[in-house]
Amino acid sequence: MGNKSKKNYVARRDVFKWTERMDDAFINALIRQQRLGNRVDRVFTTAAYDNMVRELRENIGMPFEKDHLKNRLKTLKNNFKECFDIFNGANGFVWSPENKMWVAKPETWKAFVKAKPNAKKWMTTPIAHYDELSLLFAKDRTKSNGANTTKEKADQWVGSGSPYLLDGFNLPNEVTLNLEDSNEMNGTCQLATPVEANSQADSQGCSHSATSLKGKKRKASSVDAVERELRGIKDAIKEVARAIREGNLIAERGHPRVYSEQEVFSELVRIGVETHLRYKAYTFLVANSGRVRAFFGCPPGERREFLLHMMYSPDDSSTLD
């Protein structure tokens, strides 16, 4: 009887409703642990969970356990995965941080839903923190949705009989020329030209089995050539991606994020600033961009206290002007 009562208590304790404030604090903690290197092979370490449990307990004031975080992480990841797989690379769509929804013109939605019926639910369903979740999971989804192996692509190319197309890659004509020139390396016996066949029919030395063997060698040679070509393309793509990442980091450092007035007011509401103080705090922040950056630079759980400190400590806040 005692054990049953204990189990019921544990079950009730382990189940609670996640609020937007809790999600915001949790996602910020995830990003922080990832930047600290506490995520290895797409998995957060034990140290990361220990740090996040302690941080959320302090900031939110609830008895979080590792299982709470793991279960919520799974939910957030699944929601992001569904959206990313649908909208990644889709033309005409943008995620709005104001209403937390995907936005597009009506005609764009109509055509898109016709092609992808499972996108319809996202016309009316918001997904919060998509931009932050992208920092955590976009790279994982890109890898899991990656193309086939080089060998599989080569087999597709050979099987299709097309010398130019290979699952989206336009192969240069030089590959075809190399395959034709490889005849000289595929054996000592060469097929006779039509003229030679007419004049030397009795002296042909190539049997049917030799021709078959030669065809197999030619196919193997074509696979090797395609693999070499794809390796070169893959290396080039990696270099371009690396250059883009470095450029993005430089751009982010040189252009700090600008928060809109609507984001400032929404955050004041979210952190629980009283109504009689909210308008004064809003006017105080938007009057100076340095105050806004300092405000959003604080951990979510400390923003309210920091705001009051800025407003009522003139000597400190004046340094942000």
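**View 1. Asp23 and Arg72 pair up in a salt bridge, with 2.6 Å between the closest N and O atoms.** A salt bridge here is a side-chain nitrogen of Lys or Arg within 4 Å of a carboxyl oxygen of Asp or Glu. The partners come from distant parts of the chain, 49 residues apart: Asp23 from helix H2 and Arg72 from helix H4. (Helices are DSSP runs of H or I, at least four residues, numbered from the N terminus.) Asp23 is buried at 8% relative accessible area, and Arg72 is buried at 18%; buried means under 20%, exposed over 50%, partly exposed in between (1.4 Å probe, protein chains only). The model is predicted, so local features need pLDDT of at least 70 and side-chain atom pairs pLDDT 80 or more, while totals for chains, interfaces and linings use all residues. Numbering starts from 1 along each chain as its sequence is written, and side-chain values use heavy atoms, leaving out hydrogens and water.

**View 2. Lys66 and Asp50 meet in a salt bridge at 3.0 Å, N to O.** This one links helix H4 (Lys66) to helix H3 (Asp50), 16 residues apart. Lys66 is partly exposed at 30%, and so is Asp50, at 33%.

**View 3. Glu267 and Arg303 form a salt bridge, 2.8 Å from N to O.** Glu267 sits in helix H11 and Arg303 in helix H14, so the pair ties together parts 36 residues apart in sequence. Both Glu267 and Arg303 belong to a salt-bridge network with Asp24 and Arg270.

**View 4. Leu69 has contacts with Trp18, Phe26, Tyr49, Met52, Val53, Leu56 and Phe64, leaving aside neighbours within four places in sequence.** Contact means heavy atoms within 4.5 Å.

Key:
Helices (H or I, at least four residues) and strands (E, at least two) are DSSP runs, numbered from the N terminus.
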